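Good morning, and thank you for coming.

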Amino acid sequence: MKYLNLIFVLLTALAVTGAEENDSHIMPADAALMNMAESADSSTDTEHSGHDVQDMMPGMVMNKSADSSAETVHAGHEMHGETAGTGNAHASTGPVDLGAAVITGALGLALIIGMIAFFQSLRGKDLLEYTWFKKLLKSNLYPKILQIPTLFFFGFITYYFFWGSLSYSQNPGSILAWTLWWPLVPLTFILLGRIWCVICPIPLVGEFFQKFIRPTRRPGRFLIKYGIWITDGIFIAITLFDRLYGMVDKPWLSGMIFLLITGGAIILSIRYERRSFCKHICFLGGVSGNYSMLAGVSIESKNPERCATCRVRACYFGSGNTPGCPYAQFMPAKIGMRNCNLCASCIKNCPYDNVAFRTRSIASELWSHAKVSFSESFFAKLMVGIVIIQNLGMLAVWSNLQNWVMQFGIGEKMAVILLYFAAIVLPLALMTITSYLSSSLQTEKGTMLANFAAFGYAFIPIDVAGHLAHNLFHLLAEGKSIIGAFLGLFTGRVDYSGAVVSSSVVTGLQFGLIIAGGFGTLYVAYRIARAKEQSTIAALRIVLPHALLLVLVFAVNLFLFITPMAHRGG
Ligand code: SF4
Ligand code: SF4
């Protein structure tokens with residue numbers, strides 16, 4: 001019976017969605033609240049006050065107007081209190097015009113296909129053949145020219161995290177961090193891999209200390225072998241913490257997490273040489289490392305034979321004032337772009353000018369691995385559930401699901417934790433089944449774990465697409481607040497807010513991204529299968545179980561973007 005209730009709850013959420021589409025005067029939050037109020041009415045032991053309804057709906061505030069005054073927003077924030085999750089269901093950007101959404105989606109898709117074709121046509125080109133580009137990368141200006149503005153930018157953000165408004169929508173630091181930076185940073189991963197890591201302010205503080213301490217100790221076996229599992233744990237902990245306590249919505253809490261991570265980076269920088277924190281522990285480094293396998297560029301040896309006879313090995317050890325590779329990469333042994341932040345130290349250091357900055361096909365690293373890593377692959381699969389739960393948490397259906405769990409007598413926070421882990425474990429369990437089926441269909445029998453590791457990389461395109469589509473909503477539907485936040489850096493207030501485009505454009509672009517990510521994932525899975533099998537038929541046979549699951553993940557993502565999302569802040 002309780003399972004029937006769950007189906008009913010899901011159908012109710014869908015009905016709410018449909019009602020909103022038919023009546024633009026009813027905004028998602030309002031509809032969800034009405035729905036919730038009705039649920040509360042029917043419950044014998046639930047009080048009817050708005051506050052109680054709010055308490056049952058983490059991530060949602062009671063504000064009903066997109067143009068609420070600062071006071072109202074602040075009140076909403078406080079009411080949001082300790083039960084908040086990311087994002088407050090607040091206002092819609094208006095009804096979706098299907099025609100406009102389809103046209104925008106098609107244009108977005110065409111843009112993505114054009115970008116992929118552009119990198120495909122240029123593949124193999126060494127961009128260092130352009131003299132100006134080579135001069136720039138070899139000059140002392142690079143990467144400082146990128147690092148210094150970012151340091152100032154994040155200095156302002158950190159200041160406002162602690163000394164700005166308590167309300168997300170009035171805090172320039174929060175808006176610039178979560179509405180601008182977080183949505184844009186994955187875009188850089190696709191085009192330029194881990195380039196964010198070269199300008200990230202967190203390791204720069206650690207590197208400053210390293211100038212005086214000059215640590216020479218290398219990370220131990222534990223960190224090298226299990227670092228990525230620690231990264232997984234930190235990533236789960238931070239996203240769950242956000243869901244439980246509304247880290248993103250509370251500027252000071254965002255600031256605390258930022259300081260904690262910076263503290264970790266400083267400690268590891270003092271203890272170990274190079275960027276050990278970025279390479280082995282940083283959760284953002286884990287995400288960017290995985291996503292950077294999509295990158296359309298690659299740093300590699302021009303002539304491996306030259307490297308084989310090289311005695312100086314300056315790419316690894318450094319030369320003059322330029323240190324060796326911060327990720328301890330030795331050019332002839334370097335595999336892919338997972339551990340490369342395009343800092344260009346190797347280009348500066350190599351006395352034989354033997355390092356190339358090549359363009360390559362987008363995502364080609366995902367199927368051309370010299371060595372498959374189970375832990376990397378696991379991280380990609382883990383991200384499937386985390387991206388889904390992050391999206392789900394912004395929807396009205398989230399609170400309905402939470403209430404459904406709570407009717408078993410489970411507390412509110414425990415309900416969030418259970419749902420969170422269910423969203424992570426369920427895709428992993430299904431992936432284990434598809435890996436078992438796929439491995440049993442292989443011509444050359446392999447283990448289920450080897451199959452799981454190989455096909456895990458295929459999920460990276462849909463992960464990135466889900467992440468981008470989710471955050472595109474914040475970037476565009478809350479876009480005017482970014483301008484307000486930039487102006488607010490000097491005044492401390494955010495006087496400007498609202499959407500920069502209509503709901504139709506946002507929805508169209510989200511669908512374009514999810515469709516591109518879905519097909520990208522299917523294509524990568526096929527290429528991985530093709531690398532294992534001699535014939536197309538045999539490849540299709542082993543990819544089939546994974547493809548069925550990928551279609552399911554694709555459909556879930558599409559469903560999530562049909563449902564109206566909530567804005568951050570109030
Ligand atoms: S990249 Fe340059 S410094 Fe590094 S091993 Fe090759 S030739 Fe030597
Ligand atoms: S030194 Fe070269 S290989 Fe190492 S991170 Fe910088 S660009 Fe990448």
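**The interior and the ligand sites**

The largest nonpolar core has 110 residues, and those with the most contacts inside it are Leu-294, Ile-460, Leu-472, Ala-525 and Ile-528. Domain 1 (2-94 + 389-562) and domain 2 (297-359) both contribute residues, so this core lies between them; the domain bounds come from an automatic or database assignment. A nonpolar core is a set of buried Ala, Val, Leu, Ile, Met, Phe, Trp, Tyr and Cys residues joined through C-beta atoms within 7 Å, and buried means that 20 or more other C-beta atoms, placed from the backbone, lie within 10 Å of a residue's own.

The model is predicted: local features need pLDDT of at least 70, side-chain atom pairs count only at pLDDT 80 or more, and totals for chains, interfaces and linings use all residues. Residues are numbered from 1 along each chain as its sequence is written, while chains are lettered from A and ligands numbered from 1 in the order in which they are written.

Let us turn to the ligands. Ligand 1 is surrounded by 15 residues (C-beta atom within 6 Å of the ligand), and the closest are Cys-307, Cys-310, Cys-315, Met-331 and Cys-350. Around ligand 2 there are 13 residues, of which Cys-325, Cys-340, Cys-343, Ser-345 and Cys-346 come nearest.

Finally, consider helix H24 (residues 503-532). How many of the 30 residues of H24 are buried? The count is 21, and H24 is thus described as mostly covered. Helices here are DSSP runs (H or I, at least four residues), numbered from the N terminus.

Terms used:
A residue is buried if 20 or more other C-beta atoms lie within 10 Å of its own, exposed if 12 or fewer, and partly exposed in between; C-beta atoms are placed from the backbone. Helices (H or I, at least four residues) and strands (E, at least two) are DSSP runs, numbered from the N terminus.
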